[in-house]
Amino acid sequence: MTEIDVACPMCGDINRVESGLSAAVCQSCGAAFAVPMQKADIYIPEEQPVKNAPVFEIRAGVLEKYNGSDPVVYVPDGVTAIGAQAFKDCVNVHRVVLPEGVTEIQSAGNGMWGAFFGCTSLETVDMPTTLTRIGSNAFNGCVKLSAMDIPDSVTLIGAGAFNGCSELASVKLPKAIHELANDIFRGCVSLTTIKLHGNIKNIGSYAFADCRELRALTIPPGIKTIGAYAFSGCFGLTEILLPGTVISLGASAFAECRNLSVVTVPASIETFENDGSGVRTFAGCSSLRNVNMGKLPYNYMDVFTTTPWLDQFLVKQGLCRHCGGHFKGVFKKTCESCGLPKDY
C-alpha cells in the first residue's frame, strides 16, 4: 500500500497516510478528514452508497442519520427526536445545535448504542427546552465534551449517558429527574463538582465510579439508595456526610476513595449490600480514620475492611485486629475465633 500526503482541512498540516484509507485523523489537531482516493485504488462495492445521499436522513420526525462533514451541525426544524445512531462515530463534529421541538435523544441495542456514541471531537451540544429524555449511552465516549447544561424539562437520563466523557468538568442536572442511572458519569475523570438536588431518590451502580477529580459532593436529604461501586475510585473526596434518608448502601459504594478521611453514617441505613465478593463499602479508604455512626452494623468488619479506622476501633475495644474476635488467656492471649496471638 502506497502513502500519500494529505492536508488537514482544519489546521492545514500535512499528514502522511496510506492511500487505501477512506479517512484519517490529523496528527497535529486531532480532526478527522477524508483521504482522496487514487485512481489505482478505486473500488466500487456492489452496495455502493447513493452518491447524493441527503445530509440529514429524517423519517417521521426522527433524525436517523447525519451524513455531512461540517464541524458545526444545525439540526433542521421539524425534527422531534434524534435517532439511536444518528451521529454515532461522527468524529469530525464539534458542535450540534438541536432545535426547539426535539423531545428525545434515543438509544438502541438494549441501550448499548446512543445517538452521539463515539463522537470524539464533540465539544458542545445546545439542548432545547422541549427535550424530556436522554437515552442510554447517548454521549458515551465523547471525550471532548467539557460542560453540560441539561434543561429542567429533562425527566430521564439513561444508563451510561456520559460514560467516559473524560474532559467533562461541570454538569447542571435537571430538577425533574429522580434517579441517576447506572454508569451515568462513570470515568468522567475531569468532573470536579456536581450539585445533587433533593428530588433524586436513587444513585445507581458505578454512577460516579473513577471520577477521581470529584472533590465537592453534597448528598442531600431525599436520597434513599446508593448503588454498588457508585463512588468507587473517587480519589478527590475527603469527607462524606450521608443524610438520614439513606436506607441502603451498595457493595463497595465508596471503595478505594483513598483520600476520604471523615464519614458520617446515619442509623437509618438498614442494608449494607453484598455483591458476592463482600460488602466492602469503604474498603481501601486508606485515609479513613474518623467515622461517625448512628449505629454499628453487625458486619462492620466487612464494611470498613482495610481502613485505619477499623484497626483503631478494634484495638480500642480490645478485640482481635484480624477478625474482631475476643481474646482468651492470661499471660499469652490468643483470639478465640482465628487463634492468632494478640499483637498490640
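Start by selecting Asp183, which sits in the loop between β18 (179-180) and β19 (193-195); helices (H or I, at least four residues) and strands (E, at least two) are DSSP runs, numbered from the N terminus. Leaving aside neighbours within four places in sequence, Asp183 is in contact (heavy atoms within 4.5 Å) with Gly160, Asn163, Ser205, Tyr206 and Ala207. This is a predicted model, in which local features need pLDDT of at least 70, side-chain atom pairs count only at pLDDT 80 or more, and totals for chains, interfaces and linings use all residues. Residues are numbered from 1 along each chain as its sequence is written, and side-chain values use heavy atoms, with hydrogens and water left out.

**Stop 1: the partner of Asp183**

The side chains of Asp183 and Arg186 are joined by a polar contact of 3.0 Å. A polar contact is a pair of N or O atoms within 3.5 Å; within protein, one must be able to donate a hydrogen and the other to accept it, and residues adjacent in sequence count only if both atoms are side-chain atoms. The two side chains also meet in a salt bridge, at 3.0 Å from N to O. A salt bridge here is a side-chain nitrogen of Lys or Arg within 4 Å of a carboxyl oxygen of Asp or Glu. Arg186 counts as partly exposed, at 28% relative accessibility. On this scale, buried means under 20% relative accessible area, exposed over 50%, and partly exposed in between (1.4 Å probe, protein chains only).

**Stop 2**

Select Lys88 and Asp89 for another one, with 2.9 Å from N to O. Lys88 is buried, with a relative accessible area of 18%, while Asp89 is partly exposed at 41%.

Next, pick Lys172 and Asp149, whose closest N and O atoms are 4.0 Å apart in a salt bridge. Lys172 lies in strand β17 (residues 170-172) and Asp149 in strand β15 (residues 147-149), so the pair ties together parts that are 23 residues apart in sequence. Lys172 is partly exposed, with a relative accessible area of 37%, and Asp149 is exposed, with 54%.

**Stop 3: the parallel sheet**

Go back to β18 and show the strands β18-β20-β22-β24-β26, which form in that order an open sheet of 5 strands with parallel pairing. Two strands pair if DSSP finds at least two bridges between them. The edge strands, β18 and β26 (271-272), each pair on one side only. Strand β20 (residues 202-203) and strand β22 (residues 225-226) run parallel and are joined by 2 bridges. Within this pair, Ile203 stands opposite Ile226 in β22.

**Stop 4: the mixed sheet**

Which strands make up the open sheet with mixed pairing? Select β5-β6-β8-β10-β14-β16, the 6 strands in their sheet order. β5 (56-59) and β16 (156-157) stand at the edges with a single partner strand each, so one side of each is left without a neighbour in the sheet.

Zoom in on β5 and strand β6 (residues 62-66), which pair in the antiparallel sense over 4 bridges. Glu57 stands opposite Lys65 in β6, and the bridge partner of Phe56 is Tyr66. The hairpin has 2 residues between the strands, and Ala60 takes a positive phi near 50 degrees. On to strand β8 (residues 81-82), which pairs with β6 in the parallel sense over 2 bridges; here Leu63 has Ile82 as its bridge partner.

**Stop 5: the cores**

Keep Ile82 selected. It is among the residues with the most contacts inside the largest nonpolar core, which has 83 residues. A nonpolar core is a set of buried Ala, Val, Leu, Ile, Met, Phe, Trp, Tyr and Cys residues joined through side-chain atoms within 4.5 Å. The elements giving two or more residues to this core are β6, β25 (262-265), α1 (300-303) and α2 (308-317), and the largest share, 4 residues, comes from α2. A second, separate core of 5 residues includes Ile4, Val6, Ala24 and Val35.

**Last stop: α2**

Select α2 and look for Pro308, Trp309, Leu310, Phe313 and Leu314, which are buried. What covers the buried residues of α2 includes β27 (290-293) and α1. Just after α2, Gly318 takes a positive phi of about 70 degrees.
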